[in-house]
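Reader: I would like to learn how to read the sheet and the ligand site of a model. Please take them in turn.

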Amino acid sequence: MVISLNSIKGGVGKSTLAVNLAAWLVSQGHDVLLVDGDEQETASDFTAWREQTLGQTGFTLVNMTGANLRKQVEQMKVKYDHIVIDTGGRDTTSQRAALSVADVALIPFAPRSFDLWTINKVIELIDEIQAVRNEPLIPYVFLSRADIKSADNREVSQALAGFAQLTFLPYPISNRKAFSNAAGVGLAVFETETPDSKAVAEINSLFTHVLHGHNTPATA
Ligand SMILES: Nc1ncnc2c1ncn2[C@@H]1O[C@H](COP(=O)(O)OP(=O)(O)O)[C@@H](O)[C@H]1O
Ligand SMILES: [Mg+2]
């Protein structure tokens, strides 16, 4: 499966989720390619830390941006079980290339920075992409960097669930230090010495649905 992380806003947790997903797929025994499609190279920095911490990364990393990304991913699809693409928020060429080649798009929304302008832009982009695809893209939206206890979460969830073009997943990723601490040394949240069990449970729920449940409706 080709899974891309997309958003129009930066700082919503795309790179954090991309590297956790790549490591998570490896932990399930899959052969994984991580594509860093962002010129800021967060996923590449993570991978360099990972090599220092673990001595090996477990997945293959490549950097690809722009229109080239689509053709290259298309060619590499047969060589890997799964390809995870991290994109930059502002680079629309890479973003479109990733959305056109992906089977599934993971589109995180951070509740505090949520606004209608962003969601409308996302829907415009998805509509445009769907119109030129042979097989439809599955665009998943969900909360990322959510407050552990906040009324905002409920409001934003309801808003996200209200768009026919998007599939809302009721598996939020909360704002937890464990995510940034682990990523800072090149590890996924389940790989640290004393993993935060709540953070681990959150990514397990989200990623399990993405990997196995994409043909079935999401249930909370
Ligand atoms: N679930 C989370 N909990 C706590 N911090 C997070 C979480 N997700 C991301 N962060 C932190 O937020 C910042 C932006 O995250 P990042 O994954 O780089 O976002 P993006 O790729 O969308 O720009 C980073 O400092 C990262 O460590
Ligand atoms: Mg990023």
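**Sheet and ligand site**

Author: Strand S1 (residues 2–5) and strand S4 (residues 82–87) pair in the parallel sense over four bridges. Strands are DSSP runs of E with at least two residues, and helices are runs of H or I with at least four, both numbered from the N terminus. Two strands pair if DSSP finds at least two bridges between them. This is a predicted model, in which local features need pLDDT of at least 70 and side-chain atom pairs pLDDT 80 or more, while totals for chains, interfaces and linings use all residues. Residues are numbered from 1 along each chain as its sequence is written, chains are lettered from A and ligands numbered from 1 in the order written, and side-chain values use heavy atoms, without hydrogens and water.

Reader: Which residue in S4 does Val2 stand opposite?

Author: Val2 stands opposite Ile83.

Reader: In what order do the seven strands form the open sheet?

Author: In general, strands of a sheet pair through backbone hydrogen bonds, either parallel or antiparallel. Here the order is S3-S2-S4-S1-S5-S6-S7, with parallel pairing. Strand S3 (60–63) and strand S7 (167–168) are at the edges with a single partner strand each, so one side of each has no neighbour in the sheet.

Reader: Which residues come nearest to ligand 1?

Author: A residue is near a molecule if one of its heavy atoms lies within 4 Å of it. Of the 14 residues around ligand 1, the nearest are Gly11, Ser15, Thr16, Ser174 and Arg176. Helix H1 (14–27) gives the largest share of the shell, three residues.

Reader: Which polar contacts does ligand 1 have?

Author: A polar contact is a pair of N or O atoms within 3.5 Å. A polar side-chain atom of Thr16 lies 2.6 Å from an oxygen atom of ligand 1. For a backbone N or O atom of Lys14 the distance to a ligand oxygen is 2.9 Å, and for a side-chain N or O atom of Arg145 it is 3.1 Å.

Notes: Polar contact = N/O pair within 3.5 Å; in protein donor to acceptor, adjacent residues only side chain to side chain.
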